[in-house]
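The entries below are kept in the order in which I worked.

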Amino acid sequence: MKKTLLYAALVSLVGCASNATKTEKNITTNNAQFDAFKNRFVSALWKANPQWATSQGFHDYDSVLIIPNAASRVDDLAFNNNYLDSLKQFDVNQLDQNNATDFALIQNQLKQSVWSITEYKAHEWNPSNYNIGGSVAEILNNKNASLTIKVANVNGLLRNISNYYSAAKQNITTPTLEHTDLAIQQLQGTVSYLETSVNDSINAIKGSATVLKNALEATNNFIDYLQGKKAEMQKNNIAFKDFRIGKELFVKKFEYEIQAQATAEQIYNRALKRKEELNVEMATLAEHWWKNKNANQPLPANKKEMVRQAIATISKTHVTRQNFQTEIEREIPLLTAFVKQINLLYMDPAKPLVVRKEPEWMAGVAGASISAPGPYDKNGNTYYNVGSLAAYSPEEAESYLREYNQYTLQILNIHEAIPGHYAQLIYANQSPSIIKAILGNGAMIEGWAVYTERMMMEEGWAKNTEINGTVQEDEMWLMYYKWHLRVVCNTILDYNTHVNNWTKDQALNLLMNEAYQEKAEAEGKWRRATLTQVQLCSYFTGYSEIYDLRQTLKTKQQATFNLKAFHEKLLSFGSAPIKFIAPIMSK
Ligand code: ZN
Ligand code: ZN
């Protein structure tokens, strides 16, 4: 309810910019006060959440480890409630556009934190919350500090680690089996990281080895504890907590995390509808392709079987594993040129994208990702990390390369790089608000990347590119739809798993029989659905709301609608939720 009011306030404030000058001084003061408030809030937020600060590139509290016990949760609640109170001193109607959205983001964050502690309670059931490996890596990877300082901070962080794990043991009253297994696996990774890279760093400056030795012992002890607890529960037939969080928590988490105009249920129903549309489109395309390119093979009577076989055949066109990174490097300039030629978005040539082999500390999962500079390092490089396929067996490599074949590899590059994540993050970094950088909305970020896939296809990307010397439009579209169907099914899977109690069999049936996924991919996705909630909905939700906004504006502006202007305006808000951007842009 409060959200709706705020939303209405945001809409009205844009309209009253030309009001009498009498209120102007008032507005200025209020905005100046709110700017000062934001600075105090961010400083206090980092002090209260040192590991979060470290992950954002703010290193003042690197050496501080908060013991996650009941007392610290009381402190945390007080922090959030106090700041919720402080927000009441501001009239959101008096704030400018940027501050009004920041107000809403801060309020949402504070309410979500309270809800996490009092309702969601992951500290009781998710043992993988207790792991300092990532923080240690963030400290040691800081380019702006000397090794001596970094090692001192690591030592500070590790000093009280046994108290940290003791509190964790107290907290974990009702673990899920899935998060227990995840915790054991990840903590083993942390142990090996501490034994090798961290040990080397500490030795390099003759730092305190005792701290590390104790930290290793405490971590191994915690792993033993989790393994023991798991064995004991299994032996005595004590039920683990169900990893499914149920409708009430799911709906609430969706509200806080996705911050969409639509509810979780509305998005779920939309995804079901989109899946049916895609099935029709894909059958039409597959049949057209078959008659033109595969006429010597008998056409299956069953439409799904026809689509499956068409996808299997087309997927055989792929690069070799040695050429995987080279192919990505070749495609990036082609995408940039297309975006420029069709006039889709201005891209700052001074901020190039660096394609690199995935650094070792990220390694483990092959694939591709973007590392964007954080809010405290805006001029840092943006990297496109390409996972190595070197460790794969020939069969594994073949399966991976068929998944990321010549066609889907292009969609991947659009999504991760141009004009997807890379372009969006460059624009987001120009946004004046640190709040939007720290509390960036995942649905906006993923939604934009998914939106650009469709937008590039609609603007003629498939006609523009040649594969093996020919334009292959049907193939490109069919593979795009397969990729898009994955996004749609992420939402269906996430919602059904947590709200409708889906089993693994139901999940695999959806992914393999209705979305044409390989078994390994489907199993991986099921695992992700058991370990996360709501995040898998972010892609389709953000995409839908951006696409809708564009349709609304096209209808309204008719011939004056300009795609480039739409994209640039949309991105100028930074990573704010579409529900705040849409009313302002539709004004
Ligand atoms: Zn092959
Ligand atoms: Zn993405």
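What follows are my notes, topic by topic.

**Conventions**

I am working with a predicted model, in which local features need pLDDT of at least 70 and side-chain atom pairs count only at pLDDT 80 or more, while totals for chains, interfaces and linings use all residues. Residues are numbered from 1 along each chain as its sequence is written, chains are lettered from A and ligands numbered from 1 in the order in which they are written, and side-chain values use heavy atoms, with hydrogens and water left out.

For burial I used relative accessible area, where buried means under 20%, exposed over 50% and partly exposed in between (1.4 Å probe, protein chains only). His415 and His421 are both buried.

His318 sits in the loop between helix H14 (303–314) and helix H15 (324–341), whereas Glu398 belongs to helix H16 (residues 394–403), so the pair ties together parts that are 80 residues apart in sequence. I use helices (H or I, at least four residues) and strands (E, at least two) as DSSP runs, numbered from the N terminus. His318 is partly exposed at 22% relative accessibility, and Glu398 is partly exposed at 29%.

**Cysteines**

How many disulfides are there? With a disulfide taken as a pair of cysteine sulfur atoms within 2.5 Å, I count zero. Cys489 is in no disulfide, since the nearest cysteine sulfur, that of Cys537, is 12 Å away, and from the side of Cys537 this distance is too far for a bond. Cys489 is buried at 0% relative accessibility, and Cys537 is buried at 2%.

**Sheet**

I noted an open sheet of three strands in the order E1-E3-E2, with mixed pairing; two strands pair if DSSP finds at least two bridges between them. Strand E1 (353–357) and strand E2 (368–371) stand at the edges with a single partner strand each, so one side of each has no neighbour in the sheet. The twist from one strand to the next averages 25°.

E1 runs parallel to strand E3 (residues 382–386), joined by five bridges, and Arg356 stands opposite Asn385 in E3. Helix H17 (residues 408–416) packs on the sheet and touches E2 and E3, its direction making about 15° with that of E2. Helix H18 (residues 421–430) also packs on the sheet, touching E1, E2 and E3, and its direction makes about 10° with that of E2. Axes are lines fitted to C-alpha atoms, for helices over the stretch in contact, with angles from 0 to 180 degrees between N-to-C directions, and contact means heavy atoms within 4.5 Å.

**Phe34**

I found Phe34 in helix H2 (residues 24–48), buried with a relative accessible area of 0%. Leaving out residues up to four places away in sequence, Phe34 touches Leu87, Phe90, Leu95, Asn99, Asp102, Phe103 and Ile106.

**Backbone**

Most residues other than glycine have a negative phi, and most peptide bonds are trans. I therefore recorded the following exceptions. A cis peptide bond joins Ile418 and Pro419, with omega about 0°, and Pro419 lies in the loop between H17 and H18. Asn501 has a positive phi near 55°; Asn501 lies in the loop between helix H22 (473–499) and helix H23 (504–514) and is partly exposed at 48%. Tyr516 has a positive phi near 60°; Tyr516 lies in the loop between H23 and helix H24 (519–531) and is buried at 6%.
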